Amino acid sequence: MTVQDIRSFNRFYTNVIGALDYGRRLYAPYTLTESRVLYELAHAPRTDAADLRVQLHLDAGYLTRILNKFEEDGLVERGPSDTDPRRRRITLTAPGREAAALLDERARETVGAMLDTVRAEDRPRLAEAMRTVRTILGDGDGDGDGDGDGDGDGDGDGDGDGHGRAPRPEDVVLREPAPGDLGWIVQRNAALYAAEYGFDADYEALVARIVADYGEDHDPNLERTWIAELDGRPVGCVMCVRDDTPGAARLRLLLVEPDARGLGIGDRLVGALVDFAREAGYREVVLWTNDILGAARRIYQRHGFVLVAEKPHHSFGQDLTGQDWRLDLHATQE
């Protein structure tokens, strides 16, 4: 690796970013920096001006001019900070949120169009290469305290400016699956549990059957899948499906990517599932997992799940202890 190698890559990537913003359509009527400020405000609604300056590596005077313009246009409001009266809190107004949402929609459409030119079999390689660059040159935490449950049922800021920052919980969005996400659930479960626990292809086959059954026949009023998205990519998932026991929902395939752990994603996914199950009229939520998955079990306990049975078994090429957990929705309802 030489300086010239990096400079050559920078020139290439600058051309890619330029192509995405062909004719300034993407950011118009704002500059790239103004768009970055709107993005930060949209994803951190209680940001102080000092925090913005640090996060975006902006000159104080330059940021002040941008915020003055936004205030004149009715996009932001400024007031005293909740934590420090010497600071100024910046929040988006309704028109400001609309402007930020429009920019986000344009960005998604433009990047989506670029991805359409990438062959499906090349996309995992591309995603892994981007994660590698961010991990080596960026500052993501990757602290390993996440919560993929392996149950068989169960940042760079992306703006091309070269100034990455650690992702925050508010950067994560929970959404419904998009085309390709169900395949991602199978692929990432198989890859992660092979790497972290030595699970063999039997586990991938089990996950594939679970996902296929869901994709072919599920009732959206009683069953749902959540994808956790960070910086435009899926980083977590969980499924809620009907159990064979009447009145019971089953939690399946809770998973969080290693580089997205530490952001509370597992808690949010389980919380969303529990809320949905209660609103759908289920009496209880059940799940099956293995005792080696300690982080996942701690999440279940925090949400009120109780261990009801455990049994040794040999599955996925490993000697494991399977566990059945249960959450009584009536008992936990406030």
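1. Thr93 is buried, because its relative accessible area is 11%, and a residue counts as buried when that value is under 20%. The structure discussed here is a predicted model, and the remarks in this note concern that model.

2. As to its place in the chain, Thr93 lies in the loop that joins strand β3 (88-92) to helix α5 (94-115). Leaving aside residues up to four places away in sequence, Thr93 touches Gly74, Leu75, Val76 and Glu77. A further distance can be given for Glu71: its C-alpha atom is separated by 9.3 Å from that of Thr93, although the two residues are 22 residues apart along the chain.

3. The protein as a whole has 334 residues, of which 41% are buried; Thr93 belongs to this buried group. The secondary structure comprises 11 helices and 10 strands.

4. In the first, helix α3 (residues 49-56) packs against helix α4 (residues 60-72) at an angle of about 120 degrees, and their axes are 10 Å apart. The two helices are therefore oblique to each other, since the range that counts as roughly perpendicular runs from 65 to 115 degrees and roughly antiparallel requires an angle over 145. The crossing of α3 past α4 is right-handed.

5. Which residues make the contact between α3 and α4? Helix α3 contributes Ala49, Leu52 and Arg53, while α4 contributes Ala60, Leu63 and Leu67. By class, the residues of this contact are 5 nonpolar and 1 charged, with no polar residue.

6. In the second pair, the axes of helix α9 (residues 265-279) and helix α10 (residues 294-302) come within 10 Å and cross at roughly 45 degrees. Helices α9 and α10 are therefore oblique to each other, because an angle must be under 35 degrees to count as roughly parallel and must lie within 65 to 115 to count as roughly perpendicular. Here too the crossing is described by its hand: α9 passes α10 in a right-handed manner.

7. On the α9 side, the contact is made by Gly266, Asp267 and Val270; on the α10 side, by Ile299, Tyr300 and Arg302. The residues of the contact between α9 and α10 divide into 3 nonpolar, 1 polar and 2 charged.

Methods. Residues numbered from 1 in each chain as written. Predicted model: local features only at pLDDT ≥ 70, side-chain atom pairs only at ≥ 80, totals over all residues. Heavy atoms only, no water. Axes fitted to C-alpha atoms, helices over the stretch in contact; angles between N-to-C directions. Helix = DSSP H or I, 4+ residues; strand = E, 2+ residues; numbered from the N terminus. Left-handed = near helix turned anticlockwise from the far one by under 90°. Contact = heavy atoms within 4.5 Å. Nonpolar A, V, L, I, M, F, W, Y, C, P; charged D, E, K, R; others polar. Buried < 20%, exposed > 50% of the residue type's maximum accessible area, 1.4 Å probe, protein only.
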